[in-house]
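Trainee: Could you take me through one part of this model up close? I would like to see how a single residue sits in its surroundings.

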Amino acid sequence: MGKQSEASRARHVAIIMDGNGRWAKKRALPRAIGHQRGVEAVRELVRNVGGMGLDCLTLYAFSSENWKRSEDEVDDLMNLMREFIKSDLPEFVANDVRLKIIGDWQGLAPDIVAMLEDALEQTSGGSNTLAVALNYGSQNEIARAAAKAAAIGDVTPAAIAAHLDTADLPPLDLLIRTSGEVRLSNFLLWQSAYAEMLFVDTLWPDFKPAHLQEALDNFAQRERRFGGR
């Protein structure tokens, strides 16, 4: 179907990328291989999303709760992050993609923080945004935003929204979760208040650009009332 009309198109889509471990388990492979295939799925999606009419794609890459996983698995994920930044940053710049990081990413390892700061600077002029949630938890984000709002005045919904990590992004239109799980897992809780949601059975490493396009076509058929009739 391709791009939707301006009135019906999704400007901002977020994805909870779930199922790497189960993908590997089904194939009797180490979890690390599942995460590697998950990174490949991210790469393929980012390379193809430019023609879908999105202004922003937000990906849930590493939650603040993921530190509870085994040390080996966390190390694998961090190393994959390092490799991804090194290999794909030039492509982001060439394709006019602005990288944005949400969450407490400055709490990551110093070398990763330095790499991310460089990537943010190099891509700052991009016209389309890839937002990546790293060391992110939505409850913490809301608490931080409320504290900032309280420090300067009344704590109102508008004041909290103005201090969220996503304050400079378009409102969230569509949230997708892969792997068949039906929960938000502390992701974009505030932003999802009136977002459309789609839960698909596809495991993340098997999620292709065609799946996203199908989701966008589905979104274009929905009638959004935002509490009205």
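This is a predicted model: local features need pLDDT of at least 70, side-chain atom pairs count only at pLDDT 80 or more; totals for chains, interfaces and linings use all residues.

Mentor: Aspartate 96 sits in the loop between α3 and β3, and β3 covers residues 97-102. Now look at its backbone. Aspartate 96 has a positive phi of about 65°, although it is not a glycine. Most residues other than glycine have a negative phi.

Compare asparagine 186. Asparagine 186 also is not a glycine, and its phi is positive, about 60°. Its place is the loop between β5 (174-177) and β6 (196-199). Asparagine 186 counts as buried, because its relative accessibility is 14% and the limit is under 20%.

Go back to α3. This helix spans residues 71-94 and holds aspartate 72. Aspartate 72 is exposed, with a relative accessible area of 58%. On the surface, Asp72 gathers with Glu71, Asp75 and Asp76 in a patch of negative charge.

For contrast, turn to leucine 212 in helix α7, residues 209-220. Leucine 212 is buried, at a relative accessible area of 0%. Leaving out residues up to four places away in sequence, leucine 212 touches Val13, Leu45, Val49, Met52, Leu54, Ile176 and Phe207. From leucine 212 to proline 170 is 42 residues in sequence and 18 Å in space, C-alpha to C-alpha.

Notes. Residues are numbered from 1 along each chain as its sequence is written. Side-chain values use heavy atoms; hydrogens and water are left out. Patches are made of residues with over 30% relative accessible area and no salt bridge: like charges are joined within 9 Å, nonpolar side chains (Val, Leu, Ile, Met, Phe, Trp, Tyr) within 5 Å. Accessible areas come from the Shrake-Rupley method with a 1.4 Å probe; for residues, only the protein chains shown count as cover. A salt bridge is a side-chain nitrogen of Lys or Arg within 4 Å of a carboxyl oxygen of Asp or Glu. Lys and Arg count as positive and Asp and Glu as negative; His and the chain ends are not counted. The place of a charge is taken as NZ of Lys, CZ of Arg, CG of Asp or CD of Glu. Helices (H or I, at least four residues) and strands (E, at least two) are DSSP runs, numbered from the N terminus. Buried means under 20% relative accessible area, exposed over 50%, partly exposed in between (1.4 Å probe, protein chains only). Contact means heavy atoms within 4.5 Å.
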